[in-house]
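Walk through this structure with the viewer open.

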Protein chains: 2
Amino acid sequence: MNAGEMAEETPLVRLDTSALEAAELMASRRLPALVVVDKAGYPLSVLPASQVVRFLVPAYVQDDPSLARVLSEKMGDHAADKLAQRPVRDLLPYDREELPVAQHDDTVIEVAALMARLRCPMVAVLKSNRMIGVITASRLLQTAVTPRDERDAS
Amino acid sequence: MNAGEMAEETPLVRLDTSALEAAELMASRRLPALVVVDKAGYPLSVLPASQVVRFLVPAYVQDDPSLARVLSEKMGDHAADKLAQRPVRDLLPYDREELPVAQHDDTVIEVAALMARLRCPMVAVLKSNRMIGVITASRLLQTAVTPRDERDAS
């Protein structure tokens with residue numbers, strides 16, 4: 001099995017995708033992160049769901065979490081409006097997480113080594129410089145702990 | 001809505017659970033991480049799937065990733081045996097990731113503030129000092145971007 005065969009489809013967003021659209025994708029498909037690609041489909045960065053949550057918390061609450069207790073439950077009412085006004089670009093962390101990249105003909109052990117070295121939970125798979133999918137750590141474990149004959153049969 | 005209502009069930013493992021059992025849980029349910037609890041059900045740590053992948057990569061390949069290319073595809077054949085011999089305890093990173101903890105009566109905004117401050121994708125929810133579930137960042141976004149009337153109807 002190579003990286004191309006292990007890769008799974010994932011929703012892609014662009015820097016100018018609305019943050020609300022990104023949040024709705026994460027919410028409805030329960031994704032921990034989205035891959036941000038450029039116009040040519042090359043992966044630029046990863047937007048973690050926790051970063052979107054961070055954007056929803058007012059700065060004064062981030063500075064003094066005890067204020068959260070006294071706030072009424074208004075966050076949900078304004079979250080959609082707040083997100084609708086911003087593109088994904090504005091939500092990316094300053095220290096952007098780079099998405100590690102594997103080639104479609106890399107072996108399982110090459111992908112595992114990359115993941116291990118960078119301690120990352122997800123790797124983008126490229127073919128002819130275009131992203132064809134991602135391999136998550138749990139997907140890699142699925143390949144690694146499934147006996148070879150079961151894998152071949154499925 | 002409070003943290004107890006948002007919390008979702010997640011599989012729990014103990015320090016002495018076999019690493020193979022943990023890997024199989026991650027593989028079959030496609031989980032990015034498992035929560036490790038003590039005998040009383042109190043959360044101790046998080047075992048990320050990427051850490052299990054790391055354990056499967058031989059040290060000499062971690063040191064020199066170019067060796068991965070020349071290795072044959074044997075990892076899968078030995079992965080299960082290698083994992084079966086170790087408890088979860090041995091796979092936890094030295095700099096253990098602490099799982100942030102919320103109380104069941106915390107508000108959505110309190111959970112969001114905790115997640116934002118610690119930049120973590122998952123929070124354990126406690127009731128009477130026992131873990132009743134987790135809230136992931138995507139679950140929190142689901143609450144935040146769903147209009148209140150739709151939430152009440154569901």
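B:L67 sits in helix α5 of chain B, residues 66-70. Helices here are DSSP runs of H or I with at least four residues; strands are E runs of at least two, and both are numbered from the N terminus. B:L67 is partly exposed, at 31% relative accessible area. The cut-offs are under 20% for buried and over 50% for exposed, with partly exposed in between (1.4 Å probe, protein chains only). Together with B:Y60 and B:V70, B:L67 makes a nonpolar surface patch of about 300 Å². Patch residues have over 30% relative accessible area and no salt bridge; nonpolar side chains (Val, Leu, Ile, Met, Phe, Trp, Tyr) are joined within 5 Å, like charges within 9 Å.

This is a predicted model: local features need pLDDT of at least 70, side-chain atom pairs count only at pLDDT 80 or more, and totals for chains, interfaces and linings use all residues. Residues are numbered from 1 along each chain as its sequence is written, chains are lettered from A and ligands numbered from 1 in the order written, and side-chain values use heavy atoms, leaving out hydrogens and water.

Now turn to helix α2 of chain B, residues 19-29. Its buried residues include B:L20, B:L25 and B:M26. B:S18 caps the N-terminal end, with a side-chain oxygen 3.1 Å from the backbone nitrogen of B:L20. Just after the helix, B:R30 takes a positive phi of about 50°.

B:R30 also reaches the other chain. Its side chain meets that of A:E8 in a salt bridge (2.7 Å, N to O). The term means a side-chain nitrogen of Lys or Arg within 4 Å of a carboxyl oxygen of Asp or Glu. Both partners are partly exposed: A:E8 at 25%, B:R30 at 28%. Salt bridges that share partners join A:E8, A:R139 and B:R30 into one network.

How much area do chain B and chain A bury between them? About 4700 Å², 62% of it on carbon and sulfur atoms. Buried area is the accessible area (1.4 Å probe) that two parts lose on being put together, summed over both. Each chain contributes 55 residues to the contact, where contact means heavy atoms within 4.5 Å. Between the chains there are 2 salt bridges.

A:S138 shows the packing here. A:S138 lies in helix α9 of chain A. At 5% relative accessibility, A:S138 counts as buried. A:S138 touches B:M26, B:A27, B:R30, B:L31 and B:A49, leaving aside residues up to four places away in sequence.

How values were computed:
Areas by Shrake-Rupley, 256 points an atom, 1.4 Å probe, with all protein chains shown as cover. Polar contact = N/O pair within 3.5 Å; in protein donor to acceptor, adjacent residues only side chain to side chain.
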